[in-house]
Amino acid sequence: MSGSTAESAEPAAAGVPVPSEPVAELSNITRLYRMGDEEVHALDGFSFTFRKGEYWAIMGSSGSGKSTLLNILGCVDRPTGGSYRVRGQEVADLDDDELSTFRGAELGFIFQSYNLIPQLDVLENILMPVMYQDEVPEGIEDRALELAKRVGLGERLHHRPMQLSGGQQQRVAIARSLINDPALILADEATGNLDSKTADEILELFDELHAEGKTILLVTHEAEVGRRAENILRLKDGNIDSVERGVSREGEGTDAQ
Amino acid sequence: MRAVRLGVSSLLLHKLRSFLTTLGVLFGVASVIAMLAVGEGASAEAQDQIRRLGSRNVILRSVKPPQVGDEDAEMRVLSYGLTRDDFERISETFPGVDQSVPVLQTPAEVRSGQLLCRPRVLCTPHLFQSVTRRDLFSGRFLTEQDEASRSLVCVLGYEVARFLFPFDTALGERVKVGEHYLEVVGVLNSRLPVGTITLDPSSEAGGEVFVPLSTGRAYYGERQTQMRSGSMDIQEVQLHEIIVAAERDIDVPVIAAACRSMLKREHDEKDYEVIVPLELLARAEETKRIFNIVLGSIAGISLLVGGIGIMNVMLATVTERTREIGIRRALGAKRKHIVTQFLVETMVLSGAGGVVGVGVGLLIPWIVERAADLETIVEPAAPILAFGISVLVGIVFGLYPAWRAANMDPVEALRHE
Ligand SMILES: Nc1ncnc2c1ncn2[C@@H]1O[C@H](COP(=O)(O)OP(=O)(O)O)[C@@H](O)[C@H]1O
Ligand SMILES: [Mg+2]
């Protein structure tokens, strides 16, 4: 575990290290799709809490509800039942505009197909989430510049996405997801479109972010990618199949614990 | 401003498409301005010509009736047109008549030394000047005294004076009008001949000479003799024109009607015409009104077509950029941000079409004026109005695509390929 917020008043459960504060709390979460007479329970009423600084891989077979879960965690979709709280804020209480602002302020998105805006350059793409906030924080351009350098694109600030390789585009997307210092970074098959070497570089970037104490949720169907995460949450038919904690410790024991 | 810049950069991703899209509005705006300018110019010119006839006047004119009888006759006298009796009836019995001025025209040549010209020689009393509102260039016009004493004097039109006396003042000189010498007592300012609206084929546009009516009758008579291809052509016209000036504008239609019925009663054939500048003016204004309605409809339709074109393209753009909309929404854009974005893009398109359209619309009248020698008038309001409409078109036809974009489900939009 990252050591930034180790002190919690809550007594720790047996076998689990001192839990940090909750970031995303799902309780009895359901997502129902109605197709005519048929009902699909994409999420079937489970509860789960993601805590600060955790790095989770969300896995499961196709149709198990990974994307649905990620959409709800990302506040682009609303649950049909149950409650979802981010940093204590009940998402159901927010209207469409508030939810939009909330997404821009509290969440970072990384997509499989990068999803950069083609007519904007690297720097503008990184700044995108901030531009829709009601108040633009001071010095945000410097921060964007720093992030660009951090992901290795300091030399390509004014390139358009078309002029970048897939790996580079995904780096821009990662920088973009960090611009607002989000409570939660949500990545959907972030390495799915990349060759294994480039994917590895991206995953190393995630490791770094994890080491810095960021909370990361990564949806993947690749076991190899899942193993890189700290914990694995497996879904099956809209329910939790299994929870594995502390999986990725083999070899590189860089983390102090 | 940032929104506009971003809108422009989105549009520049598809340069040709954006350009083609603006063409509809461009031509719409340009045609509004150009057609208005040409229309205004034409109607201003027509109205100006009509006003020169005097809006308070009714003009009666003799017209040679269709020729009947023996074409080969060596000598014959054709008698037609307005009579002295007509004039008496009008000036003595018609109500509302301020003045009535008879004009007798004589086909005399006018000479000074070696120089010879054939202007219209108009024999008319002194009232002519005030009724037709002609300005003096120098000297004086004919007077009551000239009329009473059949003076051998004349007043030259400016063109005639310049022709006969190119280097000198014509005042005090003697010119030979027909067989008689007349002293020039005045020169009138230049002006297009009165008859340009209804072209009188017998008139020689190119100048006028005014002689007292009494002098004209005494020295030249009412027979106009002209040699034509060997045969003598003799016409007898008592009066070529009677200009009736009304006291007030509202008297004009009454007088016109009275003249028409009187002439119809007194003349066996239609050897006259009645010209009412006020009626012509009203007709010209009506024509202009219809013209403006037609023009407005055409312009409206072309702008509508332009707008529909823009809407069509924007709808396609919205569909094409569904994913972009999803990304923006996921990253924190509110509905209003998306609406603004697409509305701005549409307005940039139509506004650009409008600006270029105004440019083209101003250029066309400029070219027309030089190439076709037509008067054009660009009202200052026309470009402003046309540009305003183009922006309005952008708003109206941009709203629906923008609304569609803003109401997309972010999840669906993100999944869109
Ligand atoms: N928009 C939708 N309409 C209807 N059913 C849906 C929709 N999205 C997902 N589902 C259903 O919900 C279930 C979970 O889907 P999803 O979350 O996409 O699974 P995964 O991402 O794990 O493959 C599937 O059975 C799928 O068919
Ligand atoms: Mg999926």
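**Entry 1: two helices of chain B**

I looked up how α9(B) and α12(B) pass each other and found that their crossing is right-handed. I am working from a predicted model. I noted that α9 of chain B covers residues 277–320, while α12 of chain B covers residues 381–406. I read off that their axes come within 9 Å and cross at roughly 30°.

From α9(B) I have B:Leu303, B:Leu304, B:Gly307, B:Ile308, B:Met311, B:Met314, B:Leu315, B:Val318 and B:Thr319. Facing them from α12(B) I have B:Ile389, B:Val393, B:Phe397, B:Tyr400, B:Pro401, B:Arg404 and B:Ala405. I sorted the residues of this contact by type and got 13 nonpolar, two polar and one charged.

**Entry 2: ligand 1**

I then turned to ligand 1 and found 14 residues surrounding it. The closest are A:Gly63, A:Gly65, A:Lys66, A:Ser67 and A:Thr68. I checked which chains take part: residues from chains A and B surround ligand 1, so I noted the site as shared between chains.

**Entry 3: atom pairs at ligand 1**

I looked up distances to oxygen atoms of the ligand. For A:Gly63, a backbone N or O atom lies 2.7 Å from an oxygen atom of ligand 1. For A:Ser64, I again found a backbone N or O atom, here 3.3 Å from an oxygen atom of ligand 1. With A:Ser67 the side chain takes part, and one of its N or O atoms is 2.7 Å from an oxygen atom of ligand 1.

Notes. Residues are numbered from 1 along each chain as its sequence is written. Chains are lettered from A and ligands numbered from 1 in the order in which they are written. This is a predicted model: local features need pLDDT of at least 70, side-chain atom pairs count only at pLDDT 80 or more; totals for chains, interfaces and linings use all residues. Side-chain values use heavy atoms; hydrogens and water are left out. Axes are lines fitted to C-alpha atoms, for helices over the stretch in contact, and angles run from 0 to 180 degrees between N-to-C directions. Helices (H or I, at least four residues) and strands (E, at least two) are DSSP runs, numbered from the N terminus. A crossing is left-handed if the near helix is turned anticlockwise from the far one by less than a right angle, and right-handed if clockwise. Contact means heavy atoms within 4.5 Å. Ala, Val, Leu, Ile, Met, Phe, Trp, Tyr, Cys and Pro count as nonpolar, Asp, Glu, Lys and Arg as charged, and the others, Gly among them, as polar. A residue is near a molecule or strand if one of its heavy atoms lies within 4 Å of it. A polar contact is a pair of N or O atoms within 3.5 Å; within protein, one must be able to donate a hydrogen and the other to accept it, and residues adjacent in sequence count only if both atoms are side-chain atoms.
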